[in-house]
Amino acid sequence: MRESYRKTLTWLVVLLSGALACAWAFPRAFPFFPANWQVSRVEAEKIALEELRVLGSLPEDPYVVAKMEDNAGVEVRLLQASRDGLEGLVRESGLEKRVLQWQVTVYAPQAQSRDWSYQAVIAFDGTVLGLRKGFKESDAAGPLTAEDAVARARALLTERGVDLARLGPPEVRNEDLEKRTDRVVRFASLPSALTERLRTGMEVTFAGDLLAGVGSFVEDVKPDEVTQLLQPIGLFGNISFFSTFLV
């Protein structure tokens, strides 16, 4: 009987030690994992379906897919910035919301996986990071000048509560397709020590003269460098995956 109690006590001590070790080590290994996750999958879907209406009417009886997405590149850059003494700037930027978020995709009935109608990115606290409407390259649309695109982008972002005075001047990117010209109007964040690694800001996209998306953007300044940094992680993941079958 004593031996049984001794084994039970030993395993309880091991369990408690493991729990304490995880509680201590996890936030240090993953400092940008949301400590106060507030939005569930179902709640993210509700937020997305409500906010996406700004881009147009949703399909009747839609098929909705919500999945968790991570951005390892942003996480690497934020870890680098924190180690360089920019932790305060990192926290103020709000970019930790980009490390792990919900991606909600809306399909019309019977649509193929690549033919989604709308897509939203929702942060762990309910912040809407991005809204997009799906357009095929062959879809036609009316013309829209760069000046009109900037004016419409300013009006929409202001209506959504964005303070454009805290952002830089607009930048317009064009893509000429067969039946329309797509434009992206970006308002980048003002230069800081963090923008040497990541360009951020707000953007509005147009498919011809039709509104195609609105939200924040994040763009790595040196994408090739971060790709090289992530290669060992991808290799380790593949080794772990195949090792399961070997074992």
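This is a predicted model: local features need pLDDT of at least 70, side-chain atom pairs count only at pLDDT 80 or more; totals for chains, interfaces and linings use all residues.
When I say helix or strand, I mean a DSSP run, numbered from the N terminus, of at least four residues (H or I) for a helix and at least two (E) for a strand; two strands count as paired if DSSP finds at least two bridges between them. Strand 5, residues 167-176, pairs with strand 6, residues 181-189, in the antiparallel sense over eight bridges, and within that pairing Leu167 has Ser189 of strand 6 as its bridge partner. Strand 6 is also joined to strand 7, residues 198-207, by seven bridges, and these two strands run antiparallel as well; here Val185 has Val204 in strand 7 as its bridge partner.

Side chains of opposite charge can pair when their charged atoms come close. A salt bridge here is a side-chain nitrogen of Lys or Arg within 4 Å of a carboxyl oxygen of Asp or Glu, and the structure holds 12 of them. One of these joins Glu171 to Arg199, at 3.0 Å from N to O; because Glu171 lies in strand 5 and Arg199 in strand 7, the pair ties together parts that are 28 residues apart in sequence. For burial I use relative accessible area, with buried meaning under 20%, exposed over 50%, and partly exposed in between, computed with a 1.4 Å probe and protein chains only. Glu171, at 31%, is partly exposed, and Arg199, at 23%, is partly exposed too.

A further salt bridge is formed by Glu203 and Arg186, with the closest N and O atoms 2.8 Å apart. This pair links distant parts of the chain, Glu203 being in strand 7 and Arg186 in strand 6, 17 residues apart, and both residues are buried. Taken together, Glu171, Arg173, Arg186, Arg199, Glu203 and Glu219 are linked in a network of salt bridges.

Asp84 sits in the loop between helix 3 and helix 4 (87-93), and Arg197 in the loop between strand 6 and strand 7, so that the pair links distant parts of the chain, 113 residues apart. Arg197 is buried, with a relative accessible area of 16%.

That brings us to helix 3. Helix 3 runs over residues 72-83, which makes 12 residues, and reaches 17 Å from its first C-alpha to its last, close to the 16 Å expected at 1.5 Å a residue, where the expected span is 1.5 Å times one less than the number of residues. At its start, a side-chain oxygen of Asn71 reaches to within 3.3 Å of the backbone nitrogen of Gly73. Several residues of helix 3 are buried, including Val74, Val76 and Leu78. After the helix comes Gly85, with a positive phi near 85°.

Positive phi also turns up elsewhere. Most residues other than glycine have a negative phi. Asp61 is not a glycine, yet has a positive phi of about 50°; Asp61 lies in the loop between helix 2 (41-51) and strand 1 (63-70), and is exposed at 65% relative accessibility. Gln110, also not a glycine, has a positive phi of about 70°, is placed in the loop between strand 2 (100-107) and strand 3 (118-122), and counts as exposed at 76% relative accessibility.

In strand 2 we also find Thr105, which at 5% relative accessibility counts as buried. The Thr105 side chain makes a polar contact with the side chain of Gln119, at 3.1 Å; a polar contact is a pair of N or O atoms within 3.5 Å, where, within protein, one must be able to donate a hydrogen and the other to accept it, and residues adjacent in sequence count only if both atoms are side-chain atoms.

I will end on helix 1, residues 2-29, where Leu9 lies; at 53% relative accessibility, Leu9 counts as exposed.

Methods. Residues are numbered from 1 along each chain as its sequence is written. Side-chain values use heavy atoms; hydrogens and water are left out.
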